[in-house]
Amino acid sequence: MADLESLSVVLMWTAIAIYALAFLAYAFDLASRSAKTADAKLETAKAKQLITAGGGSVADAGDVASAASGTEEAKPRYVMARIGTSLTVLGWLFHLGATVTRGIADGHVPWSNLYEFAMVGTLLIVAVYLIVLTRLDVRYLGSFIIGLVVVLLGLTSTSFYVAITPLAEPLKSAWLVIHVFVASLSTALFALAFALSVMQLLQMRRERLIVEGAAKTGPGFLRTIPDSNRLESLAYRFTVVGFIAWTFTLMAGAIWAQDAWGRFWGFDVKETWTFIIWVLYAGYIHARATRGWRGSRSAWLSIVGFAAVLFNFTIVNVFFKGLHSYSGLS
């Protein structure tokens, strides 16, 4: 089993390295999108000057610019994004291998401490991202999603890694499989909504600057992604699904607490923060659905909600002691 534990570590660091390369590819993709849109603007400006000087119609400038550059705006290639996605799939396979070998070495599901929860949580974040890619082109989120995964995995692998130990008595329950897995899945959905909300704020700023007639409207890659309303709608959908899963997490945790400690709720710090996160996302969904909180207010609520999730995962697990202190660090 020690050999499997060592193999898991090697596979994990290999996955981190591949994810880092994927992040760079996605970052280059955004940079190349910005460069292409800048070139397109220059070609359009030149075309307008030529057409105006020749007595033609300014409305034809875009067609002339497109022909001059030899590009087809309707069929963008985004080569670096494809490379980033291919590397992400490869990294995920190594990530999956690290998780499976850790679980076999453990002799139980590999999410009984902070390191293992981070391993599975990030695995699901990437999995959800790749599954969504089969239906929607959200490769513009690649640098945000994979960058977050690299940071979380790097932090946990260097600071939170613990050797395999026997399960604590309260964890010897079927609820360990159900409760923690659903919590990880909801975290993955919230992560995707978070990335979309960040993009939404950037896109809203660009749209406002366009209306104001500003010369500079922000990064050029924003011209190649959906408008802010579409981004907000996607973020809302992922949040709703994640909220349903988080609600189940809260209820399953209460049932497990009754089995383990003889009470459904005890205001343990982990329980309290789980409820705080539930309230934040419930407020986001309610405010957007009934109060018409659209635009930047809904985006910031989504971002604050995910910040609370990260706080619960890191600060609460490490620095607050309670009945849920299974990080393995103490």
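# A helical chain, helix by helix

Residues 24 or more positions apart account for 81% of the contacts in the protein chain with a separation of 6 or more. The model is predicted. The protein chain holds nine helices and zero strands. Read from the N terminus on, its elements run α-α-α-α-α-α-α-α-α. Of its 330 residues, 46% count as buried. The chain exposes about 16,000 Å². Carbon and sulfur atoms supply 67% of that area.

## How the helices pack

Two packed helices are described by the angle between their axes and the distance between the axes.

| Helix pair | Angle between axes | Distance between axes |
|---|---|---|
| H5 and H6 | roughly 130° | within 9 Å |
| H4 and H9 | about 170° | 11 Å |
| H6 and H9 | about 145° | 9 Å |

Start with H5 and H6. Helix H5 covers residues 142-159, and helix H6 covers residues 174-212. Their axes cross at roughly 130°. Angles over 145 degrees count as roughly antiparallel, and 65 to 115 as roughly perpendicular. H5 and H6 are therefore oblique to each other. Their crossing is right-handed. Which residues of H5 and H6 meet? From H5 come Phe144, Ile145 and Leu148. From H6 come Ala191, Leu192, Ala195, Val198 and Met199. By class, the residues of this contact divide into eight nonpolar, no polar and no charged.

Next come H4 and H9. Helix H4 spans residues 114-133, and helix H9 spans residues 296-319. The two pack at an angle of about 170°. Angles over 145 degrees count as roughly antiparallel, so H4 and H9 are roughly antiparallel to each other. Leu114, Phe117 and Ala118 in H4 meet Phe313, Asn317 and Val318 in H9. This contact has five nonpolar residues, one polar residue and no charged residues.

H9 also packs with H6. The angle is about 145°, and the axes lie 9 Å apart. H6 passes H9 in a left-handed crossing. On the H6 side, the contact takes in Thr187, Phe190, Ala191, Ala193, Phe194, Ser197, Val198, Gln200, Leu201 and Met204. On the H9 side stand Ser296, Ser298, Ala299, Trp300, Ser302, Ile303, Phe306 and Val309. The contact of H6 with H9 divides into twelve nonpolar, six polar and no charged residues.

Ala191 and Val198 meet residues of H5. Ala191 and Val198 are also in the contact with H9.

## Two residues of H4

Valine 128 is in helix H4. Is valine 128 buried or exposed? Buried means under 20% relative accessible area. Valine 128 has 12% relative accessibility, so it counts as buried. Which residues does valine 128 touch, not counting those up to four places away in sequence? They are Leu185, Ala188, Leu189 and Leu192. Valine 128 and leucine 192 are 64 residues apart in sequence. In space, they are 8.2 Å apart, C-alpha to C-alpha. Leucine 192 is also one of the H6 residues that meet H5.

## A residue of H5

Leucine 153 is placed in helix H5. At 1% relative accessibility, leucine 153 counts as buried. How far apart are leucine 153 and tryptophan 13, and what separates them in sequence? They are 140 residues apart in sequence and 8.8 Å apart in space, C-alpha to C-alpha. Leaving aside neighbours within four places in sequence, leucine 153 is in contact with Met12, Ile16, Tyr19, His95, Ala118, Met119 and Thr122. One of these, Ala118, is also among the H4 residues that meet H9.

## A residue of H8

Threonine 274 is found in helix H8, which covers residues 269-290. The relative accessible area of threonine 274 is 12%, so this residue is buried. Not counting residues up to four places away in sequence, threonine 274 touches Trp246, Leu250 and Asn312.

Key. Residues are numbered from 1 along each chain as its sequence is written. This is a predicted model: local features need pLDDT of at least 70, side-chain atom pairs count only at pLDDT 80 or more; totals for chains, interfaces and linings use all residues. Side-chain values use heavy atoms; hydrogens and water are left out. Axes are lines fitted to C-alpha atoms, for helices over the stretch in contact, and angles run from 0 to 180 degrees between N-to-C directions. Helices (H or I, at least four residues) and strands (E, at least two) are DSSP runs, numbered from the N terminus. Angles under 35 degrees count as roughly parallel, over 145 as roughly antiparallel, 65 to 115 as roughly perpendicular and the rest as oblique. A crossing is left-handed if the near helix is turned anticlockwise from the far one by less than a right angle, and right-handed if clockwise. Contact means heavy atoms within 4.5 Å. Ala, Val, Leu, Ile, Met, Phe, Trp, Tyr, Cys and Pro count as nonpolar, Asp, Glu, Lys and Arg as charged, and the others, Gly among them, as polar. Buried means under 20% relative accessible area, exposed over 50%, partly exposed in between (1.4 Å probe, protein chains only). Accessible areas come from the Shrake-Rupley method with a 1.4 Å probe; for residues, only the protein chains shown count as cover.
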